[in-house]
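Here is a short report on one protein model.

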Amino acid sequence: MLLTTFFSGMMVPLHLFPGWFGDLVMAMPWAAMVQLPTDLYLGKAPVLETLAFQALWAAILLGLGALGTMAIRRKVVIQGG
C-alpha cells in the first residue's frame, strides 16, 4: 500500500525524482496508475505511448498472476484439496 501510494505519483509527482531513480520509477507499473493518466489528461504525454505502456504492464501482471495461480492450483490439487 505504501509503495503504491508513493511510487504512483499520488504523493509526489514522479517527474521530481532525479536521474536514474526517476527513470526507474517511471518504468514501474505504479506510474501507470496515477502519474501517466494525469500527464495524459494534462496533455504532457503522448496518447499511444501511454496506452501501450499501460497495456504492457497489464499483460505482464496478468500473465504473472495466471502463472502463479496455475502453480498453486497444481500444488493444491495434488494434495487433494
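## Phe6 and the aromatic pairs

Phe6 is partly exposed, at 27% relative accessible area. On this scale buried means under 20% relative accessible area, exposed means over 50%, and partly exposed lies in between, with a 1.4 Å probe and protein chains only. The model is predicted: local features need pLDDT of at least 70, side-chain atom pairs count only at pLDDT 80 or more, and totals for chains, interfaces and linings use all residues. Residues are numbered from 1 along each chain as its sequence is written, and side-chain values use heavy atoms, with hydrogens and water left out.

How many aromatic pairs does a search of the whole structure find? The search gives six. Rings of Phe, Tyr and Trp (its six-membered ring) pair if their centres lie within 6.5 Å; planes under 30 degrees apart are stacked, over 60 edge-to-face, and the rest tilted. Phe6 and Phe17 have ring centres 5.6 Å apart and planes at 55 degrees, so this pair is tilted. Phe6 sits in helix α1 (residues 2-7) and Phe17 in the loop between α1 and α2 (19-27), so the pair ties together parts eleven residues apart in sequence. Helices (H or I, at least four residues) are DSSP runs, numbered from the N terminus. Phe17 is buried, with a relative accessible area of 16%.

Another pair joins Phe7 and Phe21. Their ring centres are 6.2 Å apart and their planes stand at 65 degrees, so the pair is edge-to-face. Phe7 belongs to helix α1 and Phe21 to helix α2, so the pair ties together parts that are 14 residues apart in sequence.

Phe7 is buried at 13% relative accessible area. Phe21 is partly exposed, at 28%.

Is Ser8 buried or exposed? Its relative accessibility is 0%, so Ser8 counts as buried. Ser8 is found in the loop between α1 and α2. A polar atom of its side chain lies 2.7 Å from the backbone oxygen of Thr4. A polar contact is a pair of N or O atoms within 3.5 Å; within protein, one must be able to donate a hydrogen and the other to accept it, and residues adjacent in sequence count only if both atoms are side-chain atoms.

Contact means heavy atoms within 4.5 Å. Not counting residues up to four places away in sequence, Ser8 touches Leu3, Leu14, Trp30, Ala31, Met33, Val34 and Gln35.

## Val34 and Gln35

Val34 is found in the loop between α2 and α3 (35-42). At 21% relative accessibility, Val34 is partly exposed. Beyond four places in sequence, Val34 touches Ser8, Gly9 and Met10. Val34 and Pro13 are 21 residues apart in sequence and 9.2 Å apart in space, C-alpha to C-alpha.

Gln35 lies in helix α3. Gln35 is buried, with a relative accessible area of 6%. A polar atom of the Gln35 side chain lies 3.0 Å from the backbone nitrogen of Leu14. Leaving aside neighbours within four places in sequence, Gln35 is in contact with Ser8, Gly9, Pro13, Leu14, His15 and Met26.

Thr50 is in helix α4. Its relative accessibility is 4%, which counts as buried. Setting aside neighbours within four places in sequence, Thr50 is in contact with Leu36, Leu40 and Ala45. Thr50 and Thr4 are 46 residues apart in sequence and 19 Å apart in space, C-alpha to C-alpha.

Met70 is also found in helix α4 (residues 47-78). Met70 is partly exposed, with a relative accessible area of 44%. Which residues make the nonpolar surface patch of about 560 Å²? Met70 makes this patch together with Leu56, Ile60, Leu61, Leu64 and Leu67. Patches are made of residues with over 30% relative accessible area and no salt bridge; nonpolar side chains (Val, Leu, Ile, Met, Phe, Trp, Tyr) are joined within 5 Å, like charges within 9 Å. A salt bridge is a side-chain nitrogen of Lys or Arg within 4 Å of a carboxyl oxygen of Asp or Glu. Accessible areas come from the Shrake-Rupley method with a 1.4 Å probe; for residues, only the protein chains shown count as cover.

Met1 is found in the segment before α1. Met1 is exposed, with a relative accessible area of 83%. Met1 and Met26 are 25 residues apart in sequence and 18 Å apart in space, C-alpha to C-alpha.

Note on methods. Helices (H or I, at least four residues) and strands (E, at least two) are DSSP runs, numbered from the N terminus.
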